[in-house]
Amino acid sequence: MTPPLELDGAGRRVQGRDIVADVSLSLQPGEMLGLIGPNGSGKSTLLNLMAGLMRPCRGEVRLNGQPMARLRRRQIAQRLALVAQSADTGDRITVREAVELGRTPWLDPLRPWSPRDDAAVAAALKAVDMAHMAARDWSSLSGGERQRAHIARAHAQSPQILLLDEPTNHLDIHHQLGILDLVAGLGTTTVIALHDLHHALRCDRVLVMQAGRCVALGPPAETLTPALIREIFAIEAELILHPGGARPVFAFQRLS
Amino acid sequence: MRMRAAAPGMARAGGRGMGRGWGWLWLAPAVLVAALFFGTAVGETRIPLATVIEVLAVKAGLSSAALDPIDASVIWHYRLSRAVVAACGGASLALSGLILQALLRNPLAEPYLLGISAGASTGAVLIAVAGVGGGLVGMSAGAFAGALTAFALVAGLAHAAGGGSGLRGAGVIILAGIAGSQMFNALTALIIAQSASAEQARGIMFWLLGNLSGVRWPDTGLALPVAALGLAVTLWHARALDAFTFGAEAAAALGIDLRRTQAVLIGTAALVTAVMVSIAGAIGFVGLVVPHAMRFLVGTRHARLVPATALAGAVFLVLSDVVSRIVIPGQVLPIGVITALVGAPAFAVVMVRGRQR
């Protein structure tokens, strides 16, 4: 079966420096893949390569087996949605109008808005539990609400793949977990860049980046070993099994 | 930019969703026709509306009433052609401002403030004094080249100076626009001083201030199709303009082909501005005032905003032209003076509201 998204030795160089180098990956349908790595390790660039917003200088990115470079932007946006970091607007729009933008790749002047689009928007608002806020002004939303509205916009795009760039940034712990549960509940194949290693434990697999390279890929509990964390983040950490049998927890001791 | 509607429900009257709730637009032709009648009836000498209608009926072949030849001539050759060009120009400049504001994510973007009008003036004057010929079309082509050059220079300068979106970025690009305007206006003055005769120079200087006095019917042959083309292209891209709500990268992620869309829309903004500048000189602030006023009334979605802006721009410039003819009895002010009197305070309001965000 063709994987929904494939990277084959993908790399990007800017001014002679490798931002992302030689990343190969085959996304599995329905999985949630966490991107982990220090600041500047290339997570955002890798997401942009996956989203087709940047072209790889080397290697290839394939969407359903088709080289991304040969697809039109519109075809890509029908299959793949991106929630970027800190996208904001000064326009006086409502939540519903923001979510309706997600239908853009499915519409053109000859294919106008239809009840199907209404249904997609309603479903997306419901999925993020914001149906009751549809008429609210964007500027009146809190950070967590904006992030949920962005996810609803991406969901309204009816994508097979959802890419999220640090969606839990600047949110309190309640809203962080809320966003993660929400994304997991959508059931879409997801790639999510994360900073919090505990959040990463909730993913099906994690891809660990360092200086633009993929240094580990696999199930989080097996991949995020104390040795790897020392190497990547330069801290001493222990992985402690939770007495209740739930996910293990990290105990971060000190800088190494 | 942040404008709170007094009645938020008003903005979405008639339905939700992109592209719906614009049944009120059927009013548009009526409003436009009323403005044109008004623009034709009012002037240095007031002509009764009945006479205006009579003259138009005869010209349209619907009536064969005997006309006062002076009234008929004033109405037909001077006022109506002038009002039609004013309407086309107002729609063009307002759409140009709307496009620039959406694509640059900048509430202060406008062809005049960004130096695009100044660049178009330089291009048009260069063609005029060079005597290449081609008349209005030749001048418009020169103006188009000048407008594109000016935009490229100003956008490049703003980019180099680190302008992004937001009010700081807005400030940077307006500063770049001032630099561009000054440079192109200086170039224009230089070209005129170098090459034009005294009489030519006087004519050009008057035109540069933004003036509809010299407008006659042949001008509508260019103004009307170009304004219609500008409206059609902008309407066709209404959804693409919406997609820029969260910035260019978000638009690309929504399936917008950035390079093609930006080229087509910036080209359209430059073209309609250039044609208007070749006909009537650089008229400022229309592209700033009208889109903001319309966002206030119909909301920010372009399926409604584009036609509303075109209509309001047309009406605004026709009325500004009327005011320019009657505000000082016996004297016609350049129309640019009137639009600036309305526009400069509007600029201040947009700036202050942007800061309050």
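**View 1. Surroundings of Ala147(B) in the predicted model.** Beyond its neighbours within four places in sequence, Ala147(B) contacts Ile116(B), Gly119(B), Ala120(B), Gly123(B), Ala270(B), Thr273(B) and Ala274(B); contact requires C-beta atoms, placed from the backbone, within 7 Å. This is a predicted model, in which local features need pLDDT of at least 70 and side-chain atom pairs pLDDT 80 or more, whereas totals for chains, interfaces and linings use all residues. Residues are numbered from 1 along each chain as its sequence is written, and chains are lettered from A, and ligands numbered from 1, in the order in which they are written.

**View 2. The largest nonpolar core.** Of its 177 residues, Leu163(A), Ala87(B), Ala147(B), Ala270(B) and Val318(B) touch the most other members. Such a core joins buried Ala, Val, Leu, Ile, Met, Phe, Trp, Tyr and Cys residues through C-beta atoms within 7 Å, buried meaning 20 or more other C-beta atoms within 10 Å of the residue's own. Helix α4(B) gives the most to this core, 18 residues; helices are DSSP runs (H or I, at least four residues) numbered from the N terminus.

**View 3. Packing of α2(B) on α4(B).** The axes of α2 (residues 28-41) and α4 (residues 69-104) of chain B come within 9 Å and cross at roughly 140 degrees; axes are lines fitted to C-alpha atoms over the stretch in contact, with angles from 0 to 180 degrees between N-to-C directions. The two helices, α2(B) and α4(B), are therefore oblique to each other, a class left after angles under 35 degrees (roughly parallel), over 145 (roughly antiparallel) and 65 to 115 (roughly perpendicular).

Definitions and conventions:
Buried ≥ 20, exposed ≤ 12 C-beta atoms within 10 Å, placed from the backbone. Contact = placed C-beta atoms within 7 Å.
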